[in-house]
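Notebook open, viewer open. I'm jotting down what I looked up, one entry at a time.

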Amino acid sequence: MLTDAAAIVTARLGVPNSWTLKAYLETGGYAGLRKALSMTPEEVSAEVMTANLLGRGGAGFEVGRKWSMLAKPRPAYLVINGDESEPCTYKDHMLLEADPHQIIEGTLICAYATGAAQAFIFVRGEFALGIERITAALNEAYAYGAVGPNIFGSGFSVDVVIHPGAGAYICGEETALLESLEGKRGFPRDKPPYFPAVKGLYMQPTVVNNVESVSNLPWIVLNSGEAFKGLGQGRSTGTRIFSLSGHVRQPANFEIEMSKTTFRDLIYDPKLGGGIRHDNQLKAFIPGGASAPWFGPDHLDMGLDQDAVGKAGSMLGSGSVIVMDHTTCMVRASWRITRFFHRESCGQCTPCREGGGWLDKILHRIESGAGREADLDLLLDICDNIAPGLSWPPQKTTICVLGPSIPSSITSAIKMFRDEFLVHIKEGGCPFG
Amino acid sequence: MAVLLADGTPTQVETVTITVDGTSIEARKGEMVIAAAERGGVYIPRFCWHPRLRPVGMCRMCLVEVKNPRGWGLAPACYVPVADGQEVITDSPKVKKAQDGVLEFLLINHPLDCPVCDRGGECPLQDQTFAFGPGESRMIEEKRHWEKPIPINPLVALDRERCIQCARCTRFADEVAGDAGIDFVGRADATEVNTFLTGTFESNFAGNIVQICPVGALTAAPYRFKARPWDIDVIESTCTFCSVGCRISVQSSQNRLTRHLGIDSDPVNHGWLCDKGRFGYEAIESESRLTTPLVRGADGSLTEASWTLAMQAAADGLRQIVDTSGSGAVAVLGGARLANEDAYAWAKLAKSVLGTDNVDCQLGDGLPAEVVLGLPQATIDEACAAPAILLLGPDLKEELPVLYLRLREAIVDKGVPLVELVPAGTGLTRHAAVSLKHRPGEAATVARALVGAIAGARVSSEGAGGVSGADLVKAAEVLGKEGVVVVLGRPSLAEPASATVDAAGVLAQGLPGVRFLPALRRANVRGALDMGLAPGLLPGRVSLADGAAWFGADSAWAAVPGGRGLDATAILQAAVDHDIHALILLGADPLADFPDRGLARRALDAVAFTVAVDTFANPSVRGADVVLPAAGFAERPGTTTNIEGRVTRLGQKVTAPGTARPDWTIAVELATRLGSDLGFDSLDSIAAEVERLAPSHAGLTPAMLAAPGHRDGLVVPLTRPQAPVEPNRPVEAVEVAAAEAQGETLLPEPEPDADAPLEPLAGVRYDDTAAASDDGRPPLLTFVPVAATSPSPPVDAYSLRLVSGRSLYDAGVLVQQSPALAPLAPGASLRAHPHDLGHLGVTTGDQVRVTSSRGSLTLRAVADSSVLRGSAVLAFNQPGPGAADLIDARQPVTDVRVETVAPGSGHVA
Amino acid sequence: MARLTPDNVRRCRDLIGLYPQSRSALIPMLHVAQEQDGWLTPEAMEHVGEMLDITPAEVYGTASFYDMLFTTPVGRHLVSVCTNLACLLNGGVELLEHAEASLGVAAGGTTDDGEFTLEEVECIAFCGAAPCLAVNWRFFGSVTTDAFDHLVDDLRTGRLADEVPPHGTLCRVRRNVGLTAGDATATPVAAPAAGTTEGA
Ligand SMILES: Cc1cc2nc3c(=O)[nH]c(=O)nc-3n(C[C@H](O)[C@H](O)[C@H](O)COP(=O)(O)O)c2cc1C
Ligand code: SF4
Ligand code: FES
């Protein structure tokens with residue numbers, strides 16, 4: 001059911017020049033920060049804890065709990081993850097361009113609550129306009145007194161630095177992001193021991209939160225954690241942006257109430273996806289970005305609920321829903337996703353680096369008509385060698401979870417559309433042309 | 001867990017207990033499961049893990065099952081620290097599938113060119129494939145391709161198709177050597193190791209990456225295709241290319257040396273070698289090796305002669321001079337090339353038979369024996385554990401490379417602060433807490449100010465000796481702790497040893513609890529000094545005065561010199577003054593190594609008779625009257641002593657060329673022809689006499705050194721604390737593989753009659769704290785500093801004051817006779833501060849004429865802002881005319897005028 | 001092409017000043033170098049290494065990890081066509097094929113006149129407007145083959161010069177404050193707020 005919950009993080013979307021300080025202030029901007037500064041950091045954290053805001057970056061960890069895990073010897077750093085590169089996720093891109101002040105305000109509230117010595121907003125390098133907008137916004141915010149020394153006369157001081165990335169998906173993974181922020185190759189760090197909350201940026205305790213996650217903070221501070229928790233249900237509270245793409249009539253970012261809204265609503269509601277293009281049939285959809293296992297039409301009535309989706313064997317991940325209609329070649333779709341992971345592997349772990357390339361080659365061979373029947377078992381066995389048992393959370397065969405994410409699309413495609421693979425193999429080519 | 005020190009003292013190591021495959025293992029707190037399991041006898045396969053590098057957990061070969069709160073799960077054994085009660089399974093089907101999977105991943109893109117790979121036969125990838133791997137590749141697609149071997153520097157080639165991205169080489173370069181000239185390039189499965197686009201991997205340690213590469217991706221240019229591992233014979237030995245004494249595995253194939261590998265000696269080299277030590281073995285086979293005796297004939301030319309004839313000629317020549325001009329007319333130069341036993345035999349020959357004390361194993365380029373042996377001593381380990389290190393010596397990165405690695409690790413990883421008191425920047429400068437760059441010749445002035453500051457004296461803001469007051473204050477803060485270790489050597493050959501001795505004396509008296517680690521470069525200089533090859537010294541670190549009675553009373557010694565003789569500089573001067581008529585050059589090349597070439601040349605020209613005992617026909621040898629060929633490194637057994645006083649065994653692997661023979665046998669025969677019997681018929685007989693007579697070596701027997709637990713050697717006197725003996729130390733797979741390739745254990749041990757390695761050392765009779773023991777043994781030398789004098793002359797505004805240290809690659813025989821190393825000598829160029837060069841209108845690359853009171857030469861100028869203003873730096877002993885042509889050994893400093901020259905004008909010496 | 005200009009050295013110093021550890025400024029500095037020359041010249045990488053006290057190999061090794069940093073020359077316009085899933089489902093591959101034919105270069109190639117480098121990229125987070133592409137990281141959505149040809153024409157003739165600066169220019173807005181939180185007397189960074197962001 002599409003609820004009438006008001007937008008939280010996309011409320012300013014249609015406002016002219018929404019990215020300027022003027023427009024931001026006219027629409028209630030920085031009131032959340034002012035209010036937060038009038039509270040103690042503990043009170044702010046408590047509101048966020050009550051809200052049960054789940055991280056919007058992919059892992060879905062409670063933001064408030066993450067803050068509370070920050071290890072003691074300080075300084076601590078705050079890093080905002082705006083590296084958004086999960087295929088078909090484009091919400092943070094939009095927020096950076098449309099509402100950069102909201103991100104800055106959320107960052108400052110988070111910095112205040114966690115006592116961070118300095119904050120960094122890591123923005124995906126390719127987002128040129130987003131970087132320009134948020135840099136300009138930061139300049140304005142400094143001039144306005146919202147950042148820097150003695151913010152709004154509260155005595156609280158913090159600096160914020162916009163850090164542009166340079167193009168590498170893996171830098172969205174929080175420990176790779178920290179390495180990259182330290183000026184190095186984006187190699188994820190092994191956890192343990194390198195949990196950011198313990199040994200993060202410069203080996204200091206660090207909070208890493210997603211752009212959308214912190215964009216919720218001004219609203220939560222202003223409206224209370226209870227109010228946020230009043231939206232959605234269970235652990236999936238509040239609203240969330242879903243990036244809808246693929247074969248829908250109206251692909252776009254939609255902010256909707258979690259859990260209560262279903263995939264069917266998202267894809268078919270005229271105010272949302274508007275249904276499959278050309279009234280085609282839904283063949284499959286991916287509920288949470290390219291790393292997530294696929295769902296078929298039988299899952300349409302599931303709510304956009306983190307736990308429900310998890311229990312069904314997939315994940316809500318980065319909040320991107322990709323819709324494939326009946327004309328889609330599933331071999332090709334899974335090959336394309338596999339190729340993405342192959343190219344984006346950082347190259348550290350043998351299973352991910354070599355396995356990704358091998359799977360890419362086999363799928364490409366099948367897609368182009370030179371497949372062998374034995375290839376399906378081979379694919380599954382290679383997947384099993386990358387992620388034994390294909391369980392989640394995965395075994396520690398790799399340093400980060402990019403490696404164990406590679407099998408998702410392949411095992412989904414083979415499980416759901418084995419025949420299609422066999423047709424490719426037997427007919428020596430793609431039936432979809 | 002108790003670990004026994006070599007002297008039997010147990011030390012406690014904090015341990016936890018873990019269970020591996022059902023067996024409980026005592027593991028050291030903080031170590032990784034992979035290392036603990038290995039101690040307990042369970043070998044977990046690995047590629048990226050290396051005991052001396054930080055773990056990265058990249059290859060994932062070491063996956064095992066570890067029980068965690070959520071149940072059993074796969075985890076990399078190299079990245080999981082041990083914890084009490086931890087349970088680990090390394091042999092379950094789940095583990096096997098995971099490991100096989102990783103192995104298969106590593107092989108799908110591997111070229112499988114084992115038959116033509118240098119690593120074939122000692123390759124963990126090959127071995128593991130053989131042991132666990134699948135028979136056939138399941139990947140039918142095209143493999144990844146890279147251009148076949150590319151040179152990453154003149155010594156090392158890289159085959160990226162064989163690379164398994166384990167990061168051992170890049171970690172070594174960055175973490176250990178501090179030369180991050182290689183890095184990963186690219187991403188995903190296009191990741192390669194490479195240098196900068198327009199650069200090479202510049203490092204004095206490049207060969208180590210070949211050794212630790214677990215596959216054949218990195219190969220050494222001098223070794224490529226030389227031998228197959230299974231044809232190789234191995235013996236453990238000690239590198240004698242400098243005085244650090246790295247343990248090495250010397251390998252040969254068909255009586256030719258093929259390779260040196262570093263052995264992981266915990267107290268010394270940690271498995272590392274410098275490239276000179278690793279690749280210098282080529283010199284052994286050089287064309288210019290002396291293979292047969294030579295005697296200067298009536299026509300004035302050197303001609304081949306039989307040993308009998310040559311020995312007689314040598315004995316006759318010496319006898320005649322002793323008879324006509326007295327014992328003091330004979331002098332012996334050199335001896336640091338020799339093994340300890342050789343050095344003892346020659347010391348005995350010179351002092352007891354020839355009766356001369358004009359003996360010096362150093363060539364005016366070291367420090368007096370009293371200073372080297374007589375100051376309170378520190379080992380390398382002790383230096384690395386000191387509250388602070390003070391470097392008063394040369395650029396260790398160039399002169400004692402592996403000592404540089406050890407200190408760098410202590411400084412960078414363990415946070416030991418370093419202060420440098422040096423005339424020019426060194427390889428450690430970037431890691432120094434404070435680098436006190438002093439004006440040449442003024443180290444003592446700075447030392448005095450420093451010691452004053454530590455004692456609380458006010459430091460004037462203008463400082464002292466070219467060092468600012470602020471830096472002195474900073475250094476005093478760092479060094480104001482009990483037990484600082486001074487690394488002491490000759491920072492510059494353009495000033496006499498006295499400048500350094502004065503400074504050392506000041507520090508010895510002014511720093512509480514200070515100890516010294518000598519940083520002399522020449523091979524076995526420490527052993528030669530211990531054996532008495534220095535004026536005023538007798539074997540066993542005793543002075544002539546203290547030891548005369550003890551040696552004089554022993555029947556083995558015919559006589560003891562009557563008084564203190566001359567050092568190298570004085571010997572050469574005496575030769576010029578016609579007070580010395582005969583010279584014995586014991587592996588010495590004064591024309592190349594003495595700081596003042598003019599004096600050396602005049603001296604060699606002036607003496608009536610010269611005997612040269614050497615391995616190579618170097619320039620000084622070519623002027624000798626009798627030339628006796630000696631066996632070189634790897635051609636004779638024996639023992640050697642490193643800078644710490646650590647005695648280790650040398651291994652013989654090949655036979656000496658022609659009729660060349662060990663130096664000690666030459667001494668024995670020469671003595672016989674001079675009418676004396678040295679009393680030696682074997683190395684052991686020499687060792688026995690050393691043990692009996694030389695106080696520093698009391699208790700040290702060959703059997704003890706041969707005991708398996710003492711492969712790292714023993715520090716003399718044996719009363720010094722010894723390094724712990726580690727049972728089952730995790731060793732690098734390559735070392736094991738190299739040895740096991742021929743079904744041997746790593747160390748071919750001679751009959752271990754001391755088969756209880758962990759028992760306390762037997763027979764230690766000497767206590768160096770006692771002034772003299774009951775049985776009349778003389779006390780060990782101590783150095784009593786005298787108030788320093790030698791002020792430097794005032795600096796003249798038109799001159800630059802010269803600093804001259806050595807570089808790793810030079811014009812020395814060893815480098816020049818190694819085809820791979822010879823081109824690496826950088827050549828002489830004059831480095832000076834851009835400001836000083838600017839005054840002359842000179843920039844980098846210009847030719848300048850450099851003139852001292854001694855000579856003049858034309859050099860390339862290099863502007864270098866790390867050089868102190870008013871100083872000029874010129875590397876010693878580079879091919880062609882150089883610093884030795886400018887230095888006057890009698891002057892306290894060497895001032896040079898620098899002028900521009902029109903391009904094209906040549907060298908003038 | 002060469003080392004960094006004095007102005008860019010100043011920019012780099014300001015960047016270094018923003019971080020607790022200097023090496024953090026590496027990637028931002030490489031963007032400056034790429035803005036200067038359109039790609040990372042060996043000289044510029046060496047210069048950056050000198051400023052950060054790291055080796056050129058480390059600079060190159062790091063730069064080569066990232067797709068946006070080019071260590072070989074690139075055209076004035078870098079055309080990045082996405083073929084990842086959302087675009088694939090909406091004709092991204094066909095768009096790329098058209099681009100190859102129309103520009104006369106295969107993906108990864110540069111046109112002879114040095115105007116265009118064409119590359120196939122992973123998702124550029126513009127999936128609501130698939131198929132999409134970026135030119136010098138300025139985004140264009142729902143690109144039909146006709147639209148592509150128009151775009152190329154506009155770029156060639158300079159009609160889009162305002163929206164699409166030459167390759168390497170990432171952010172035309174300069175940060176105009178240094179770090180101030182710990183230090184009330186901290187000075188603003190050198191560059192004034194030059195340039196502005198465009199409209200949507
Ligand atoms: C391969 C990989 C890529 C990721 N990419 C992103 C990303 O682009 N943006 C993001 O916010 N989080 C990303 N994450 C998740 C982050 O690691 C981290 O969980 C998140 O930034 C935390 O913020 P949150 O708790 O506010 O969600 C990625 C994780 C992995 C394993
Ligand atoms: S799993 Fe892949 S992306 Fe993650 S650290 Fe390992 S190689 Fe890198
Ligand atoms: S991951 Fe443990 S040895 Fe490589």
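**Ligand 1**

A backbone N or O atom of A:Ser85 sits 3.5 Å from an oxygen atom of ligand 1. For A:Glu84, a polar backbone atom is 3.4 Å from an oxygen atom of the ligand. With A:Asn209 the side chain takes part: one of its N or O atoms is 2.9 Å from an oxygen atom of ligand 1. I then checked the cover: on its own ligand 1 has 610 Å² of accessible area, and the protein covers 91% of that. Those areas come from the Shrake-Rupley method with a 1.4 Å probe; for residues, only the protein chains shown count as cover.

Ground rules before I go on: this is a predicted model, where local features need pLDDT of at least 70 and side-chain atom pairs count only at pLDDT 80 or more, while totals for chains, interfaces and linings use all residues. Residues are numbered from 1 along each chain as its sequence is written, chains are lettered from A and ligands numbered from 1 in the order in which they are written, and side-chain values use heavy atoms, with hydrogens and water left out.

Which residues come nearest to ligand 1? I count 18 around it, and A:Gly57, A:Lys66, A:Asn81, A:Asn210 and A:Ser213 are the nearest; "near" here needs a heavy atom of the residue within 4 Å. By class I get 4 nonpolar, 8 polar and 6 charged residues. My classes: Ala, Val, Leu, Ile, Met, Phe, Trp, Tyr, Cys and Pro are nonpolar, Asp, Glu, Lys and Arg are charged, and the others, Gly among them, are polar. Strand E4 (residues 206–210) of chain A gives the largest share of this shell, 3 residues. Helices (H or I, at least four residues) and strands (E, at least two) are DSSP runs, numbered from the N terminus.

**Ligand 2**

I found 13 residues around ligand 2, with A:Cys346, A:Cys349, A:Cys352, A:Cys400 and A:Gly403 the closest. This shell splits into 8 nonpolar, 5 polar and no charged residues.

The loop between H8 (174–181) and E4 of chain A holds A:Pro192. The peptide bond into A:Pro192 from A:Lys191 is cis, with omega near -5°. A:Tyr202 is found in the loop between H8 and E4 too, and A:Tyr202 has a positive phi of about 50° although it is not a glycine. Another cis peptide bond joins A:Arg74 and A:Pro75, omega about 15°; I located A:Pro75 in the loop between H4 (63–68) and E1 (77–82) of chain A.

**Helix pairs in chain A**

How do H16 (residues 374–386) and H18 (residues 407–427) cross? Their axes come within 10 Å and cross at roughly 175°, which makes the pair roughly antiparallel. Axes are lines fitted to C-alpha atoms, for helices over the stretch in contact, with angles from 0 to 180 degrees between N-to-C directions; under 35 degrees is roughly parallel, over 145 roughly antiparallel, 65 to 115 roughly perpendicular and the rest oblique. The contact (heavy atoms within 4.5 Å) includes A:Leu380 and A:Cys383 of H16 and A:Ile414 and A:Phe421 of H18. By class it has 10 nonpolar, 1 polar and 2 charged residues.

H5 (residues 91–98) and H6 (residues 100–114) pack at about 100°, axes 5 Å apart, so I call them roughly perpendicular.

Methods:
Polar contact = N/O pair within 3.5 Å; in protein donor to acceptor, adjacent residues only side chain to side chain.
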